[in-house]
Amino acid sequence: MLRTAFLAAAKSPRLRGATERSTLARPVVRRFVAGEQPDDALAVARALIADRLVSLDYLGENTRDRPQADETTDAYLALLYRLGAEDLAGRVEVSVKLSALGAALSGDGFSVALDNAAKICAAAAEVGTTVTVDMEDHTTTDATLDTVRALRADWPATGAVLQAHLRRTEADCVSLSGLGSRVRLCKGAYDEPSSVAFRDRAEVSDSYRRCLRVLMSGSGYPMVATHDPVLIGLAAELAEAHAREFEFQMLYGIRPEAQRALAAAGHRVRVYVPYGSAWFPYFMRRLGERPANLTFFLRALASHH
Ligand SMILES: Cc1cc2nc3c(=O)[nH]c(=O)nc-3n(C[C@H](O)[C@H](O)[C@H](O)COP(=O)(O)OP(=O)(O)OC[C@H]3O[C@@H](n4cnc5c(N)ncnc54)[C@H](O)[C@@H]3O)c2cc1C
């Protein structure tokens, strides 16, 4: 219920504008978002790479105008050249949302997004890093996977994301578990109808387990994106049994002590670090995942009055 309310709020332009302008929300948002500027993101990345890897996400989604999609692309290109120039590309990649690159434009949105994503992949390859294409709501799954396939023809290391809460995902894991295929498996952050998604938490975890078994017994590179200790334990066991290279992935600001402990135990751990001024939908998804975050948020707001 609460999660559904937050995910609905994430889509409200009015609430979004007001909250993004509010200085009161900023300190709480900073727990999950590195800051507004590339310098903020790079400072956070520099600190994290002492023991972890990083994926930087320039926040934005559902862009409705072409110049904004092109601006987002340029922001990624500038960021990537900085990763190269500042010797960070070996440990820092980028994550992109196709709807920020033009996929949500009317008409040929996905072909605009593919062109923009191709420029980003080319720049990433030039500086020596990789790109992972985030997965958005289920209406975009097929087009997103087609786009990733097209990108992989030229840049085979481009990462795909699959969401265990979708009923289709186990089959997608089978088709994406081939040689060299980088696949980030997450539970799924969008509010989906039961016709296409498991809505019960236990069913989502069961689906995650099945998907993990497929990826770990395949020949790709699994990227295990979860903060769930039970699934983390299972991933470590399966990886050992299959002698498989893989990485854990977690979000900036969530279970940082677990991130450090996994890294100290010798695991590869990548932290997804978002930055930029369009943080509202991302932040709403994080609040909806954990009621305690809401209490924390409200307490912070109240303490400013
Ligand atoms: C690296 C990464 C990339 C992702 N990319 C995508 C994507 O492309 N598309 C997509 O749909 N989703 C994406 N997600 C989000 C994902 O789908 C889930 O919504 C999110 O990770 C919460 O699920 P969980 O597996 O951590 O399990 P949960 O059962 O939600 O959480 C397990 C435990 O983790 C902690 N935790 C989880 N979330 C929070 C939080 N918000 N605040 C505080 N503690 C928390 C709590 O201790 C909780 O008990 C990504 C997640 C990660 C880690």
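The shell around the ligand is made up of 10 nonpolar, six polar and eight charged residues, where Ala, Val, Leu, Ile, Met, Phe, Trp, Tyr, Cys and Pro count as nonpolar, Asp, Glu, Lys and Arg as charged, and the others, Gly among them, as polar. The model is predicted, and local features therefore need a pLDDT of at least 70 and side-chain atom pairs count only at pLDDT 80 or more, while totals for chains, interfaces and linings use all residues. Residue numbers run from 1 along each chain as its sequence is written.

In total, 24 residues surround the ligand, a residue being near a molecule or strand if its C-beta atom, placed from the backbone, lies within 6 Å of it. The closest are Asp134, Cys186, Thr226, His227 and Gln249. Two or more residues of the shell are given by each of strand E4 (160-163), strand E5 (182-186), strand E7 (247-251) and helix H12 (280-289). Helices (H or I, at least four residues) and strands (E, at least two) are DSSP runs, numbered from the N terminus. Strand E7 provides the largest share of the shell, three residues.

Helix H12 also takes part in a helix pair. The axes of helix H1 (residues 2-9) and H12 come within 8 Å and cross at roughly 175°; axes are lines fitted to C-alpha atoms, for helices over the stretch in contact, and angles run from 0 to 180 degrees between N-to-C directions. Because of this angle, H1 is roughly antiparallel to H12, on a scale in which angles under 35 degrees count as roughly parallel, over 145 as roughly antiparallel, 65 to 115 as roughly perpendicular and the rest as oblique. On the H1 side the contact is made by Leu2, Arg3, Phe6, Leu7 and Ala9, and on the H12 side by Met284, Arg285, Leu287, Gly288 and Glu289, two residues being in contact if their C-beta atoms, placed from the backbone, lie within 7 Å. By class, this contact of H1 with H12 has six nonpolar, one polar and three charged residues.

Helix H4 (residues 38-48) has the buried residues Ala41, Leu42, Val44, Ala45 and Leu48. A residue is buried if 20 or more other C-beta atoms lie within 10 Å of its own, exposed if 12 or fewer, and partly exposed in between, with C-beta atoms placed from the backbone. An α-helix has 3.6 residues a turn, so residues three or four places apart point the same way. Exposed residues Asp39 and Ala47 are carried on the face of H4 turned away from its buried side. The packing partners of the buried residues of H4 are strand E1 (53-58), helix H5 (66-85), strand E2 (92-96) and strand E8 (269-275).

Strand E2 contains Val94, which counts as buried because it has 21 C-beta neighbours inside 10 Å. Leaving out residues up to four places away in sequence, Val94 touches Ser55, Leu56, Tyr76, Leu79, Leu80, Ile120, Ala124 and Val131. Thr132, in strand E3 (residues 131-133), is likewise described as buried, with 25 C-beta neighbours inside 10 Å. With the residues up to four places away in sequence not counted, Thr132 touches Ser55, Glu93, Ser95, Gly159, Val161 and Arg184. The C-alpha atoms of Thr132 and Val183 are separated by 8.6 Å, although the two residues are 51 residues apart along the chain.

Several loop residues were also examined. Phe198, in the loop between E5 and helix H9 (201-217), is buried, with 21 other C-beta atoms within 10 Å. Apart from neighbours within four places in sequence, Phe198 is in contact with His165, Arg167, Glu203, Val204 and Ser207. Lys11 occupies the loop between H1 and helix H2 (13-21) and is partly exposed, with 13 other C-beta atoms within 10 Å.

A positive phi in a residue other than glycine occurs at Ala243, where the value is near 45°, and at Arg255, where the value is near 50°. Ala243 belongs to the loop between helix H10 (229-241) and E7 and counts as exposed, having 6 C-beta neighbours inside 10 Å. Arg255 lies in the loop between E7 and helix H11 (256-264), and its 16 C-beta neighbours inside 10 Å make Arg255 partly exposed.
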